[in-house]
Amino acid sequence: MPSPGKSKWAGVLRTPVGVSAATLLAAVLLLAVVAPLLWSDEAAAVDTGQILRGPSAEHWMGTDGLGRDVFHRVLVATGLSVGLALLATAIGVLTGLLLGAAPILLGARAGRVVSAMVNIAVAFPGLLLALFFAVVFGVGASGAVLAIGFALAPAFARLTQTLVAKVSGLDYVAAARIAGLGRVRLLARHVLPNVAEPLVVNATVAAGSALLAFAGLSFLGLGVQAPAYDWGRLLADGLAGLYIHPAAALAPGTAVVVAGLAFNLFGEAIAKGVGLRSAPVVFRRRDRDEPVAPAPAGEDRRSVLAVENLRVTFPGGTAPVRGVSFALRRGESVGIVGESGSGKTLTALAVAQLIEEPGEVTADRLEFRGQPLHELPDRTRQQLLGTSFAMVFQDPMTSFNPTQRIGRQLAEVSEQHHGLGRRQALDRAIDRLQAVRVPAAARRAKQFPHEFSGGMRQRAMIGMGMMGSPALIVADEPTTALDVTVQRQVLRLLQSVRAADDVAILLISHDITVVRRFCERVLVMYAGRIVEDLPAADLPARARHPYTRALLAAVPDMSTELERPLAVIPGRPVDPARVPVGCAFAARCPFADEQCRGADPPLVADREGRRVACWHADVTGGRPMMAEEVRVGE
Amino acid sequence: MSELRFEGVSVRYGGHRHGLTAVDTVDLTVPEGRVVGLVGESGSGKSTLARAAVGLIPLTGGRILLGGQSVRRRRSRPPLQMVFQDPSSSLDPRMTIGDSIAEAVPRGRPGRRAEVIRLLELVGLSGDRARLYPAQLSGGQCQRVALARALAGDPRVIIADEITSALDVSIQGAVLNLVRDVQRELGLSVLFISHDLAVVRYVSDFIAVMYLGRIVEYGPADQVLARPRHPYTRELLAAVSEPVDPGDLDPALRAVADTEPADPHHPPPGCRYHPRCPMGPAVLDDRDICREHEPVPQGHPHLAACHFAAER
Ligand SMILES: Nc1ncnc2c1ncn2[C@@H]1O[C@H](COP(=O)(O)OP(=O)(O)O)[C@@H](O)[C@H]1O
Ligand code: SF4
Ligand code: SF4
Ligand SMILES: [Mg+2]
């Protein structure tokens, strides 16, 4: 069985940059190994007849002061240059690992002392450290290796610290601790393997820098000493005769640059490949910077939203929303429930015109306050949405600009859309914050988003929606991150906004008990379709769709019978890329038969206007689903 | 004996000046073979209490006893195990689930492989899954594996911290059923932590309610749910069972209902709940005692820490 992660590394090699960098690096490493074996003699051969000659057919890069062939010397020097750089990197990485892992190895207190020292060391420029250590360890190759190694160490220590701290906080490390694993085993088994990727990437890049630093030290005479030679030494030798023949300096110089680049590029390529996993869908916040336009005329007074056959598709044929139809009237509260991935949020975003390329929205009808959103010119549409539509997201932290005061951000809406002046707009912002019951609104308007608690931010978000006069508020999991008492505060606020201003509310939640307590009508979504639409008062007894009934039986509420096991819905939710033919719920449905697997049931309304999409809704209907009817297991 | 007992347990984070006392002199008992549900808002100290019990966080004060003996002086075999909230981070992604479980089987025990398979089957997974990696399992299945790992050390007590909160609703039921079955079959004592009162109600014999580092109510589950004695517990119950209406309350009630949760760095003096209490000094003017004196938990077996616990 493949370990997860291997394929990522293979993926790096499939990008053009990755391939070139890998090839270059492989060539450099190969040369480092074979060149000293093959050409040491040629490189050492002294020819007193050919001292300091320029390039010729015999000596491609000319000769040095003893008549030795520069080209061969540069090739052979690859071994020492790369080898010493790698050695220095290894020392740096190992020292850094030990220092960085100190909090785990030594315990918290000693770990803090080590971290403090590391933090000080990181502040020093690396080259300065290297020079310092070079002096301490003495002039020569081993001194230089230690110097560069220790100069690299603080950065790795810091990196290791950060990574280790992140992984140590994860529950599996805690679990291993509870199981009594020793510190060293904990580090080796659970921590290091999970921080290896970024460390390897950084080590590769660092090897490039070590190479350059080493050349520098040797060039200054602090590194490799004659008769041994690396690129830095060759450079120093060549520089002496720079005016007579530049090739002797250019050749080792080029070698340093190429090899350094090979390491760096390769490191960067892996970093990209490992770090940048697909983020195909990007949603854009609606731009509020549209100028003011006249209010649309001639709308149906009670209808707020009419959606027919709404589809959201992505390239490659995935359709996470597959033909959704519903309507909202003024002052109505409708909830959408479904598991994660069922298409709830995409439906909301499509209504709000927030689906970005390459996602595509189509609908037979998509009318907001009687205006066809699809056909309106951009300006008019944004004006319409900007003044009478509001959206509240699960995490309001991401909906606010962290660098601006809350009051300013609310005021901006009115400056843009209602043509208010700065002062007036701010007054309205404070008034709206009061309306959403933010205590001490004038003072809190001057605060930044992070100074608000989760519940307060959610209120401010609703307040922002109420800067205009909204006809519809779409709230997507607005209380999921909040505690029950705070959740109730926010839901009550929405309820009172609805009652006071006749605002329609579309509440999206995975929690059927929340929706049931808040809404008049409930839409149940499964695999991108509405499978049931019924009055909240009909739950749970009159639910007709097997999925709705299974959901109700699987989630305990305050009246769940304690002696029975909870119902289990077998299998997993449908992957939008692989929607089966027939009823999407068939694989998990205890009542599925040939008809279900053959054709997708249409959403049909009964006389009371309740809708359900199930071939056997009436056969099994009316009776609450018992736990025994669903297979146990996942 | 496998009764788990917290006696005057305090845990403080951070230094003298900027620190906060996340758990403040808590007394709590998980009777042998019973499930105690612990509810409270996030930040009230539930996880801190759990982590202190399994030794992940040092105590600032008090002691934790298991069967009358301090858990600090335990030998290598850990009698207390914990299951965590997030299935995606509770298993090492680079280890097969079989290895993760095997690691928790006490060393030197013969037949580790067979033990791993037995544990997997105990939590309703087939033994041949041992070679899979966590990424190849669903969230619910990962939680089963985490439970199997916790059971590997033959614990007498399990601490479950929000183990269903990160799961999709269709899977929660399966995990809750499993916890109940395993608890009954093995006679484990369980401290079951959740912010979800309905979930706690379903699995617990006793319920403890935590607010800002203190236990404010504790008692048999049916009594706490049917006749809550602390105003905070009543709020919690109302929040999950009543329809959401705009709440046309009188202004004083409205104000306390909208009050923000207190900052744990600066807990209010007296009763910590008083700024939000609908029966407290912000609403009724004869209740200055709530601002000045912290109520002590009283009553047996159903205790509450409120000066006016007797009234409604
Ligand atoms: N490692 C920590 N350092 C400092 N404060 C913490 C730490 N962990 C939790 N806290 C704080 O301690 C309090 C209790 O947290 P926690 O035990 O996680 O509560 P709960 O589990 O009930 O949500 C909170 O105020 C929280 O911010
Ligand atoms: S159509 Fe068939 S498979 Fe689909 S929910 Fe109804 S009974 Fe089940
Ligand atoms: S002591 Fe006072 S403030 Fe505290 S819960 Fe009781 S009535 Fe409310
Ligand atoms: Mg917690």
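In what order do the four strands of the open sheet in chain B stand? They run β2-β1-β4-β5, with antiparallel pairing. Here strands are DSSP runs of E with at least two residues, helices are runs of H or I with at least four, and both are numbered from the N terminus. Two strands pair if DSSP finds at least two bridges between them. β2 (20–30) and β5 (69–70) of chain B sit at the edges with a single partner strand each, so one side of each has no neighbour in the sheet.

Before we go on, this is a predicted model: local features need pLDDT of at least 70, side-chain atom pairs count only at pLDDT 80 or more, and totals for chains, interfaces and linings use all residues. Residues are numbered from 1 along each chain as its sequence is written, chains are lettered from A and ligands numbered from 1 in the order written, and side-chain values use heavy atoms, leaving out hydrogens and water.

Back to the sheet. Strand β1 (residues 4–13) of chain B pairs with β2(B) in the antiparallel sense over seven bridges, and B:F6 stands opposite B:L28 in β2(B).

Now look at helix α5 (residues 169–186) of chain B. Its 18 residues should span 26 Å at 1.5 Å a residue, and its end C-alpha atoms are 27 Å apart, which agrees; the expected span is 1.5 Å times one less than the number of residues. Of those 18 residues, 14 are buried, so α5(B) is largely enclosed by the rest of the structure. Buried means under 20% relative accessible area, exposed over 50%, and partly exposed in between (1.4 Å probe, protein chains only). After α5(B) comes B:G187, with a positive phi near 65 degrees.
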